[in-house]
Amino acid sequence: MITNEELFNLAKEISKNSYSPYSNFPVGAACLFKNGNVYKGVNVENTSYGLTLCAERNALSTAVTNGEIEGLYAIAIYAKKQKMCAPCGACLQWIAEFRGDNDDVNIILEGEDGNIKVYTLSDFLPKSFKITSK
Ligand code: THU
């Protein structure tokens with residue numbers, strides 16, 4: 001299985017493909033599923049600013065496009081201009097969607113000291129929205 005550091009480095013590498021001419025805030029994300037598959041994404045902005053797509057949701061969309069719909073184990077996020085760049089609220093809810101039977105999802109960030117820090121989805125979104133009955 002890929003290490004946290006390797007997953008983070010994939011996020012860092014893919015961030016070079018970020019399309020962020022408006023914010024000038026490149027972000028890369030790499031998500032790991034329990035079967036070992038990894039999918040990457042970058043933030044993609046638009047002149048109509050509100051249409052921007054975050055790196056995390058692009059990575060998860062790529063996973064779904066490739067048939068991966070549950071068992072999200074970890075997601076690493078790299079922001080070129082900022083350490084400790086946590087996922088936004090919308091991305092946290094997307095991360096929650098794909099955790100499958102996994103109790104939680106590891107969220108791997110670059111700490112202020114430059115070392116990799118491992119958090120969990122429940123650190124950021126302890127009581128996520130979920131429909132439990134229909
Ligand atoms: N961004 C992400 O890619 N992920 C997040 O979780 C928060 C923000 C992007 C969106 C925009 O292109 C830039 O960062 C500045 O907000």
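Start with two helices: select residues 55-65, which is helix α2, and residues 89-97, which is helix α3. Keep in mind that you're looking at a predicted model. Turn the view until you can follow both axes; they come within 9 Å and cross at roughly 25 degrees. Angles under 35 degrees count as roughly parallel, so α2 is roughly parallel to α3. As for handedness, α2 passes α3 in a left-handed crossing.

Next, show the side chains where the two helices touch. On the α2 side, pick E56, R57, L60 and S61; they meet A90, C91, W94 and I95 in α3. Colour this set by residue type and you get five nonpolar, one polar and two charged.

Now move over to the ligand. Which residues surround the ligand? Select S23, F25, V27, N43, E45, T52, C54, A55, E56, P87 and C88 and you have the set.

- N43: a side-chain N or O atom sits 2.9 Å from an oxygen atom of the ligand.
- E45: again go to the side chain, where an N or O atom is 2.4 Å from a ligand oxygen atom.

Technical notes. Residues numbered from 1 in each chain as written. Predicted model: local features only at pLDDT ≥ 70, side-chain atom pairs only at ≥ 80, totals over all residues. Heavy atoms only, no water. Axes fitted to C-alpha atoms, helices over the stretch in contact; angles between N-to-C directions. Helix = DSSP H or I, 4+ residues; strand = E, 2+ residues; numbered from the N terminus. Parallel < 35°, antiparallel > 145°, perpendicular 65-115°, else oblique. Left-handed = near helix turned anticlockwise from the far one by under 90°. Contact = heavy atoms within 4.5 Å. Nonpolar A, V, L, I, M, F, W, Y, C, P; charged D, E, K, R; others polar. Near = heavy atom within 4 Å. Polar contact = N/O pair within 3.5 Å; in protein donor to acceptor, adjacent residues only side chain to side chain.
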